[in-house]
Structure formats: structure tokens, C-alpha cells
Amino acid sequence: MLAVQKQPGVNTVEVVGRVRALLPIFAKQLPESVSLGILRDNSEAVRDSVHDVQTTLLLSISLVVLVIFVFLRSVWATVIPSVAIPMALLGTFVAMYFCGYSLDNLSLLAPHALRRLRGR
């Protein structure tokens, strides 16, 4: 058994990708009687959480634009927030990047942990 642990501040998905790329090389060097497999992969929860965050963002932006259109019934009043919201998000992520902030595992895994607690 070989346990690979990432260092603090390193991208979990990137580490798992690199380890998975090395597995075929290791498998070729092992005798045929030895099997090589993955017991636990923490990157799956991170990938699921990122997907959940992306889905939630797209759904919330769509609902905001839809509600604005339904209540104001004006195409121009709907176009402005439909452009402003993605630009505000982009600006936020650019500012976070330059400040060295990121969406950490704690904030990404919160929805995943809640689902597990609820038994889904």
C-alpha cells in the first residue's frame, strides 16, 4: 500500500491527476501477480463540489434574469443585469486571484457535507 498525501496549499485535483498519470508506469514495473489500484480518491468530492457550485451559479443567474424580465417586462432592463452579473463574478474571481485567495475545500465541500448529513 502506498499513501499519497498532498501538501497544504496544493491543488488536490492536480495531485490526483499526476498520480493517476504515473500509475501505468508503476504497473509496468510490477510483477504480474501484483495488482495496482486506487483505494480512496479525495478529488472526487472536490470535483463534485465544483460542479455543484457551477450549477448553482448558472441557475441563480438564470433565475435572477428571468425574475427581472417577468416583473419589468423590458428587454433592455433584462440585458443590463444579464451582462452585469457575469462581469461582477469575473471581476470578483480576478481580484481573488491577484490577492491570492481561492475557493478552498471548506467552502466547496459544505454542500457535499450537507447532502451526506441529510442521507442523500
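In this predicted model, the axes of helix α1 (residues 12-29) and helix α2 (residues 43-72) come within 9 Å and cross at roughly 130°. The crossing of α1 past α2 is left-handed. On the α1 side, the contact involves Thr12, Val13, Val16 and Arg20. On the α2 side, Ser43, Glu44, Val46 and Arg47 meet them. By type, the residues of this contact are 3 nonpolar, 2 polar and 3 charged.

Helix α2 was next checked for length. Its 30 residues should span 44 Å at 1.5 Å a residue. The C-alpha atoms at the ends of α2 are 43 Å apart, which agrees. Several residues of α2 are buried: Ser43, Val46, Ser49, Ile61 and Val65. Of these, Ser43 and Val46 are buried and also take part in the contact with α1. An α-helix has 3.6 residues a turn, so residues three or four places apart point the same way. Just after α2, Arg73 adopts a positive phi of about 50°.

Helix α3 covers residues 75-99, 25 residues in total. From its first C-alpha to its last, α3 reaches 36 Å. This is close to the 36 Å expected at 1.5 Å a residue. Buried residues in α3 are Thr78, Pro81 and Met96. The buried residues of α3 pack against α2.

Terms used. Residues are numbered from 1 along each chain as its sequence is written. This is a predicted model: local features need pLDDT of at least 70, side-chain atom pairs count only at pLDDT 80 or more; totals for chains, interfaces and linings use all residues. Side-chain values use heavy atoms; hydrogens and water are left out. Axes are lines fitted to C-alpha atoms, for helices over the stretch in contact, and angles run from 0 to 180 degrees between N-to-C directions. Helices (H or I, at least four residues) and strands (E, at least two) are DSSP runs, numbered from the N terminus. A crossing is left-handed if the near helix is turned anticlockwise from the far one by less than a right angle, and right-handed if clockwise. Contact means heavy atoms within 4.5 Å. Ala, Val, Leu, Ile, Met, Phe, Trp, Tyr, Cys and Pro count as nonpolar, Asp, Glu, Lys and Arg as charged, and the others, Gly among them, as polar. The expected span of a helix is 1.5 Å times one less than its number of residues. Buried means under 20% relative accessible area, exposed over 50%, partly exposed in between (1.4 Å probe, protein chains only).
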